[in-house]
Amino acid sequence: MKTRLRVLSLSLVFASLTAADLANAASAAEQAVRELGQPDFFGFLPNRVDGRGLAQPWGVAVDASRSPNGLWVLDASNNRVLGWRDVTTLHDGQRADVVIGQPDEISIGCNAGGVSAASLCFAEGFHSFAYSPGLAVDAEGNLYVADQFNLRVLGYRRPFETDGVADLVIGQPGFDQVEPWSGVSASRLFRPHGLAVDAQGNLYLSDEIRVLELDRPFATDAVADRVFGQSSFDAQEVQLDSSGPDRMAYADGIAVDAQGRLYVADGWMDRVMVWKEPLARQAAADLVFIQGVRTCEYNGCNSKGIAVEPDGDVWVGSHEQGRIFGYRSPLDGLDGDIEPDRVIAAANSGQVYDPEAPRDGRPMFAAGDLAVDSTGTLWLTDVNRVLGFFDPWNGDGRADRLLGQVRRDQIEANLVDLDGLAGPDGIALDTSVDPPRLYVVDAHNHRVLGWADAAGFANGQPADLVIGQPDRWSSGCNTGGRSLASLCIGSRLFNNFNGIDVDAQGMVWVSDPGNARVLGFRSPFTTDTVADRVLGGIGCATGSRGMCIPGGLALDKTGNLYVADIGNNRILWFNQPARHSAMADRVLGARNFRQTVCNDAAACFSQENGSHPGLDINGGSLAVDAKGRLLVGTGGFVYVFERPLLPGARSRQLIDLSGIDGFPYFPPQDLATDSAGRIYLTSGYHVYRFSRNGAGPTLELGERCAYGYDLPEGFGPTSLCNPAGLAVGPGDELFVSDAGANRVVVFDNP
């Protein structure tokens, strides 16, 4: 009765509107009114940026002018530098005290607000790679930052006590200017990397194929006074001989010890070059010691960090070797025959660009930046985190302190918690309660998040429930081992068509493709998050008990469940599985339970190919409408089984998507129907609506998001980056998971 009154009142309102009013109302309906997973409609990064998480951290520097010391971390993908004032009181995942380069802790844009003394740019887009930009702090607490994309180095006077606005610029004529690169000189840079400051305040900076020295730039000027690794300031000679002491191929991390000696990590040659008196002599290095056994095959393939302790002990990281080397006073003899006294091995260094979680407190990446504070703690920038080793010379090689994450087995971009999403996919509403509950498959975090009030949540509100992980911080596949409380969802093989649905009693069904099963959770808000029912789960198998990459799910009004068994090219039907057997009762799209070759176009979800992972997935979305029809999205079509439970039921083509944006690359990722029987589907960059008989589209939601390696342009409440999951609320409001923007948006009865 309430729904009828609402519809009647709306019809009376619209009857009094002009044509212009109706057009404006239609436009407003196509703008999202609420969102989850981001602080506002203009955020899009995974796991939501805040003052705790990190994404591609490179530089780390200790402010020894303070007691206790302060710590600075360059957070490259978020185009900012974070500062913690006291290293002695840090706890895992602690929020930073200072943000430099952004107006607040939730902003991430390259040159936010335009190029200025308050902006930074290390990565033009979130998926761009930053080439190990570094940091340095002088004896007075002044901070230097290699603002790499802007081809400059910025200097900040005591930013812990003042502000995040730079007071010095090196490499550009002004704070608001970025002149394109046209060659190197004493005042123009190619690509600044590591930074180091000696006891007198002289600045050294590595500039790819050379190192520059500037005499006390805060007190003098921004023009280099000395050059190392090249014959002159404008020379660009690349060294290809690993034994040559007077040229360098890839000057990366640099350091200066208490005696003023200069250390340069030549990444391409996997070696360290040392100048004993750099202010007096810039010719060939006095000493070269090598960590590796061969040179890399391309420039920059072996990024290297370096740090020197006050007593002359040296730490060097080597990506190619997958180790961090410690040398006890290596320059005492200067004989060139230097063996490491301590080695900290990295875990999985060879797969650092596609790492596998979970990991322990060992470093993932041996080539991050290094710094040592006055307590002897060694700080290392690692994969989306910073590790602190309290006793690096004698410890077990596992970190004692963690920034950027809370758990030591986490390496996700930005901090995983209940605020953010990473690749959200399937979405479902539990209308058995009032207000309805909302469930979202957070695919890349291998979990399902739940909100208790789907009708009243505020923008960016944290989830109230997590399913599939032991806590809000975890994101690994089968964290803690495969169990009834774990999920494995977000693999590259099956990161689409991750199904979820809720029956009339509030039981939540979730596809768990990594474990070849579907799990059922009885009212998890009021009971627990341990599965009560398991369908499949015997490995990638056929038969009535087997599944192989279960995808889309759909429930009819009596609680019968359909499962898109993608790897087996079939659709399974379970007769009220919440109450009855976990064995499938019928199969659609195949002749029998043992067949894996589809005999109905609707079920041709996958086909083998010769590449990794060896399978092309063409579809797998399902929906059941109010009449009991089964809708299936495969390839460029939506098919319908009018009476899916009749023996020998066959589908017919209902919707042809060949004319929509993005065809033929985007099959329908999800399907849903509203109270009028209209069909919604996500495909490409939009949400489309069709009539019950397949005519249309009668509505197209979402302005195409310019999303890729650059930041989205014009991104906001009207745009969609990669809409995936769909759910229709009791009042026909539309919930959309926008996987490309890591958020869920709500359109009010579009």
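Visitor: Hi! How many disulfides does the count come to here?
Guide: The count comes to five disulfides, where a disulfide is a pair of cysteine sulfur atoms within 2.5 Å. Keep in mind that this is a predicted model, in which local features need pLDDT of at least 70 and side-chain atom pairs count only at pLDDT 80 or more, while totals for chains, interfaces and linings use all residues. Residues are numbered from 1 along each chain as its sequence is written, and side-chain values use heavy atoms, with hydrogens and water left out.

Visitor: Which cysteine does Cys110 pair with?
Guide: Cys110 is joined to Cys121, with an S to S distance of 2.0 Å. The link of Cys110 and Cys121 is left-handed, with -100 degrees about the S-S bond. Both cysteines lie in the loop between S5 and S6, so the pair ties together parts that are 11 residues apart in sequence. Strands here are DSSP runs of E, at least two residues long, numbered from the N terminus.

Visitor: Are Cys110 and Cys121 buried or exposed?
Guide: Both Cys110 and Cys121 are buried. Buried means under 20% relative accessible area, exposed over 50%, and partly exposed in between, using a 1.4 Å probe and protein chains only.

Visitor: What about Cys540 and Cys548, how far apart are their sulfur atoms?
Guide: The sulfur atoms of Cys540 and Cys548 are 1.7 Å apart, and the two form a disulfide. Cys540 is exposed, at a relative accessible area of 56%, whereas Cys548 is buried, at 11%.

Visitor: Which hand does the link of Cys705 and Cys721 have?
Guide: That link is right-handed, with 45 degrees about the S-S bond. The pair connects distant parts of the chain, 16 residues apart: Cys705 is in the loop between strand S48 (703-704) and strand S49 (719-720), and Cys721 is in the loop between S49 and strand S50 (723-728).

Visitor: New topic. How many residues does the largest nonpolar core have?
Guide: The largest nonpolar core has 26 residues, and Trp72, Val81, Leu143 and Val145 have the most contacts inside it. Strands that each supply at least two residues of this core include S2 (57-63), S3 (70-75) and S8 (152-156). Another core, of 19 residues, lies apart from it, with Ile566 and Trp573 among its members. A nonpolar core is a set of buried Ala, Val, Leu, Ile, Met, Phe, Trp, Tyr and Cys residues joined through side-chain atoms within 4.5 Å.

Visitor: And Arg152, where is its place?
Guide: Arg152 is in strand S8. Arg152 counts as buried, at 0% relative accessibility.

Visitor: What does the side chain of Arg152 reach?
Guide: The side chain of Arg152 reaches the backbone oxygen of Ser119 at 3.1 Å. A polar atom of that side chain also lies 3.0 Å from the backbone oxygen of Ser116.

Key:
Helices (H or I, at least four residues) and strands (E, at least two) are DSSP runs, numbered from the N terminus. A polar contact is a pair of N or O atoms within 3.5 Å; within protein, one must be able to donate a hydrogen and the other to accept it, and residues adjacent in sequence count only if both atoms are side-chain atoms.
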